[in-house]
Amino acid sequence: MADKIFTVDGMTCGHCATSITEEVVRVVGVTAVDVDVRSGLVIVSGDRVEDAAVRAAIVEAGYEVAEVVRRTAA
């Protein structure tokens, strides 16, 4: 399992975090989503999770991915 960390623009509150979590958790392979509104980071855990699918889910929630910060092995 690996974590992918995305920087997301436009998050300001708990509702933002909930919206993103609800969309990203539906992506195939995702097992957990942690959204830190303060830092603008979305940490996605799972196996064989495609960056493009996570980006699309974040866009669907109404936000923009600035970049993938790093990937870590769990």
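Q: Arg-26: buried or exposed?
A: Exposed, with a relative accessible area of 61%. The cut-offs: buried means under 20% relative accessible area, exposed over 50%, and partly exposed in between (1.4 Å probe, protein chains only).

Q: What sort of model is this, and what are the ground rules?
A: It is a predicted model: local features need pLDDT of at least 70, side-chain atom pairs count only at pLDDT 80 or more, and totals for chains, interfaces and linings use all residues. Residues are numbered from 1 along each chain as its sequence is written, and side-chain values use heavy atoms, with hydrogens and water left out.

Q: Back to Arg-26. Where is it?
A: Arg-26 is in the loop between helix 1 and strand 2. Helices (H or I, at least four residues) and strands (E, at least two) are DSSP runs, numbered from the N terminus.

Q: What separates Arg-26 from Arg-38?
A: 12 residues along the chain, and 23 Å between the C-alpha atoms.

Q: Now the helices. At what angle do helix 1 and helix 2 pack?
A: About 140°, with their axes 8 Å apart. Helix 1 covers residues 14-24 and helix 2 covers residues 51-60. That angle makes helix 1 oblique to helix 2. Axes are lines fitted to C-alpha atoms, for helices over the stretch in contact, and angles run from 0 to 180 degrees between N-to-C directions. Angles under 35 degrees count as roughly parallel, over 145 as roughly antiparallel, 65 to 115 as roughly perpendicular, and the rest as oblique.

Q: Which residues make that contact?
A: From helix 1, Ile-20, Glu-23 and Val-24. From helix 2, Val-54, Ala-57, Ile-58 and Glu-60. Contact means heavy atoms within 4.5 Å.

Q: How many of them are nonpolar, polar or charged?
A: In the contact of helix 1 with helix 2, five are nonpolar, none polar and two charged. Ala, Val, Leu, Ile, Met, Phe, Trp, Tyr, Cys and Pro count as nonpolar, Asp, Glu, Lys and Arg as charged, and the others, Gly among them, as polar.

Q: Which residues of helix 1 are buried?
A: Cys-16, Ala-17, Ser-19, Ile-20 and Val-24. Down the axis of helix 1, these buried residues fall within an arc of 165°, so they line one face of the helix. The arc is that of the directions from the helix axis to the C-beta atoms.

Q: What covers them?
A: The cover of helix 1's buried residues includes strand 1 (2-9), strand 2 (30-36), strand 3 (41-46) and helix 2.

Q: And which residues are buried in helix 2?
A: Asp-51, Val-54, Ala-57 and Ile-58. Viewed along the axis of helix 2, they fall within an arc of 130°, so they too line one face.

Q: Why would spacing matter there?
A: An α-helix has 3.6 residues a turn, so residues three or four places apart point the same way.

Q: What does helix 2 carry on the face turned away from its buried side?
A: Exposed residues: Ala-52, Val-59 and Glu-60. Just after helix 2, Gly-62 takes a positive phi of about 105°.

Q: Which residue other than glycine has a positive phi?
A: Arg-48 is one, with phi near 55°. Arg-48 is in the loop between strand 3 and helix 2. Its relative accessible area is 83%, so Arg-48 is exposed.

Q: Switching to strands. Val-8: buried or exposed?
A: Buried, at 5% relative accessibility. Val-8 is in strand 1.

Q: What does Val-8 touch?
A: Leaving out residues up to four places away in sequence, Val-8 touches Ile-20, Gly-40, Val-42, Ile-58, Tyr-63, Glu-64, Val-65 and Ala-66.

Q: Where is Ser-45?
A: In strand 3. Ser-45 is buried, with a relative accessible area of 13%. Beyond four places in sequence, Ser-45 touches Met-1, Ala-2, Asp-3, Gly-29, Val-30, Thr-31 and Ala-32.

Q: Which strand holds Val-69?
A: Strand 4, residues 64-73. Val-69 is partly exposed at 36% relative accessible area. Apart from neighbours within four places, Val-69 is in contact with Ile-5, Phe-6, Thr-7 and Leu-41. Its C-alpha is 9.7 Å from that of Ile-43, 26 residues apart along the chain.
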